[in-house]
Amino acid sequence: MKIKNILVSQPAPAMVEKSPFYELIQKYNLEIEFTPFIKIEGTSVADFRKQRIDVLAHTAVIFTSRATIDNFFRVCEQARITIPETMKYFCIGEAIALYLQKYIIYRKRKI
């Protein structure tokens, strides 16, 4: 059984020629289709309050994408929650950690 079509569950890269998928396409003569299965949408402040999540009761937050950072700080701002400077942040990748600088004062020990 020879594989000819591959479904990738992420958005298509901006430049396919620079992605690792391009090498697979050229080397094995494949057809790769990009379809994002996951869509991150922010919740409203009313839904956030209904869940009764106390952000200040936690000492750390784990971020998995830039969208989660945007949505977290948007909900905190709209709910008038002041995030303390002692809050710690964990990020999956370096790019996400650098994006976090948009919202916090960067200290190596915090991220």
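**Reading the features**

Q: Which residue stands opposite Ile32 in β2?

A: Ile6 stands opposite Ile32 in β2. Helices (DSSP runs of H or I, at least four residues) and strands (runs of E, at least two) are numbered from the N terminus. This is a predicted model, in which local features need pLDDT of at least 70 and side-chain atom pairs count only at pLDDT 80 or more, while totals for chains, interfaces and linings use all residues. Residues are numbered from 1 along each chain as its sequence is written, and side-chain values use heavy atoms, with hydrogens and water left out.

Q: In what sense do β1 and β2 pair?

A: Two strands pair if DSSP finds at least two bridges between them. Here β1 (residues 5-8) and β2 pair in the parallel sense, over four bridges.

Q: Which elements make a β-α-β unit with β1?

A: They are α1 and β2, and the unit is right-handed. To read the hand, view the strands pointing away from you; right-handed means that the path from the first strand over the helix to the second runs clockwise.

Q: Where do the side chains of β2 point?

A: They alternate along the strand. Ile32 and Phe34 point to one face and are buried. Buried means under 20% relative accessible area, exposed over 50%, partly exposed in between (1.4 Å probe, protein chains only).

Q: How many bridges join β3 to β4?

A: Four bridges join them, and these strands run parallel. Strand β4 covers residues 88-91. Look at Phe63: its bridge partner in β4 is Cys91. With α3 between them in the list, β3, α3 and β4 make a right-handed β-α-β unit.

Q: How many aromatic pairs does a search of the whole structure find?

A: A pair of aromatic rings is described by the distance of the centres and the angle of the planes. Rings of Phe, Tyr and Trp (its six-membered ring) pair if their centres lie within 6.5 Å; planes under 30 degrees apart are stacked, over 60 edge-to-face, and the rest tilted. The search finds eight pairs. One of them joins Tyr99 and Tyr103: 6.4 Å centre to centre, 70° between the planes, edge-to-face.

Q: Which residues form one aromatic cluster?

A: Phe63, Phe72, Phe73, Tyr89, Tyr99 and Tyr103 do.

Q: Why does Tyr99 count as buried?

A: Because Tyr99 has 19% relative accessibility. Tyr103 has 32%, so Tyr103 counts as partly exposed.

Q: What is the phi of Asn29?

A: Most residues other than glycine have a negative phi. Asn29 is not a glycine, yet its phi is positive, about 55°. Find Asn29 in the loop between α1 (20-28) and β2 (31-34). Asn29 counts as exposed because its relative accessibility is 57%.

Q: Where does Arg52 lie?

A: Arg52 lies in the loop between α2 (45-50) and β3 (60-63). Its phi is positive too, near 55°, in a residue other than glycine. Arg52 counts as exposed, because its relative accessibility is 76%.

Q: Is Val55 buried or exposed?

A: Val55 counts as buried, because its relative accessibility is 6%. Val55 lies in the loop between α2 and β3. Now compare sequence with space. Val55 and Val45 are 10 residues apart in sequence, and 13 Å apart in space, C-alpha to C-alpha.
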